[in-house]
Amino acid sequence: DYTIVYGDTNSTLAGALASKKLHIPVIHIESGLRSFNKKMPEEINRVLTDHCSDILFTPSKLADQNLKKEGIKKNIINIGDVMYDLFKSVNNKVKKNKKVYDILVTIHRAENTNFKIKMLNIIKNLNKLSNNYSILFPLHPRTNNLLKKYKILKLLNNDIKLVKPLSYKNTMYYLKYANFLITDSGGMQKEAFFSKTQTLTVRDETEWKETVDLGWNRLAKPVNDQIFIKTKKFMNYYGKMKNIYGNGSAAKLILKKIKILKQSLSQVEQ
C-alpha cells in the first residue's frame, strides 16, 4: 500500500524513486530537515525524497516550515522524533556503574575526515583539551583508516582514550555522564540535547538548528583553536529546555496515522 523510507541516506532516495515509478505512495519519516548545503549528499537525498513523497512525517515545527517554504503544502504531519522514542526507552536503564569521561568525541563525516589538514587541526585541539579534561574517542572505522593513512593517529596524546565503536546503550551512557560532546554527527547532536549535554558540532552548518537556538549546541570550524576555545567556554554552560521533538511517542503516532490513511484509501477504492 505504501513504501516507508526514513532519513537521508542513499537508500532513502533510491527507495522513494523506485516506489514512485511503480506508482506506490511514499511515506517519508524525518522529513523537512535542511542544512542548506547542497554539497552534502544527505541534503540532496532529503530534498529529492521530500519532493516525491506523498506523506511527510516531520520531527519539529522548523521542519514543517522548511517544507512549506519549498512549496510543499499538503500531508505534512508533525509527530516528533522517533530517535527520542528510542532515547527514552534506553535512558532510564542507563545507570552510573563504570568510568565516565569529561568529553566524548565522535568524528566521521567526509567533510572532515577526507581532509588531512582538518583532521590535524582536530587532533591538535583534542590534545590541548586532554591536558585539562579526560576524553573518550570511539573511532569510526573510516576515521581510523584515514588517520592511519595520514600518519597522524600516533600524534594523539596517550591521555585520550581511543576505543572501537560503541553500542547504542554504551554511547548513551558516556554521553549522559559527559560534560561535553564534540561531534560532527547529526544524530549525536540531538541525543546530546536529550541528555542535557553541551555540544560542539565540528561543521559549518547543522540540520538541528533548534539545538543551537536553545543554547545546547554551537558550530566550530576545524581551524586554529576554535574547538579548544569554544569547548572551554561552554563546558559548564546550561541551555534552555523546550519540548521541540515530541514526547517520545512518535512511532505510535505514525502507526496511528498510517492506519487512518489505509482506511481512507480503502474507502476510496471501494
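Two strands are said to pair if DSSP finds at least two bridges between them, while helices (H or I, at least four residues) and strands (E, at least two) are DSSP runs numbered from the N terminus. This is a predicted model, in which local features need pLDDT of at least 70, side-chain atom pairs count only at pLDDT 80 or more, and totals for chains, interfaces and linings use all residues. Residues are numbered from 1 along each chain as its sequence is written, and side-chain values use heavy atoms, with hydrogens and water left out.

Four strands form an open sheet with parallel pairing, in the order S1-S2-S3-S4, and its edge strands, S1 and S4 (76-78), each pair on one side only. Two of the pairings are set out here.

Together with helix H1 (residues 10-21), S1 and S2 make a right-handed β-α-β unit; right-handed means that, with the strands pointing away from the viewer, the path from the first strand over the helix to the second runs clockwise.

Elsewhere, the axes of helix H6 (residues 116-129) and helix H11 (residues 226-234) come within 8 Å and cross at roughly 40°, where axes are lines fitted to C-alpha atoms, for helices over the stretch in contact, and angles run from 0 to 180 degrees between N-to-C directions. H6 and H11 are therefore oblique to each other, since angles under 35 degrees count as roughly parallel, over 145 as roughly antiparallel, 65 to 115 as roughly perpendicular and the rest as oblique.
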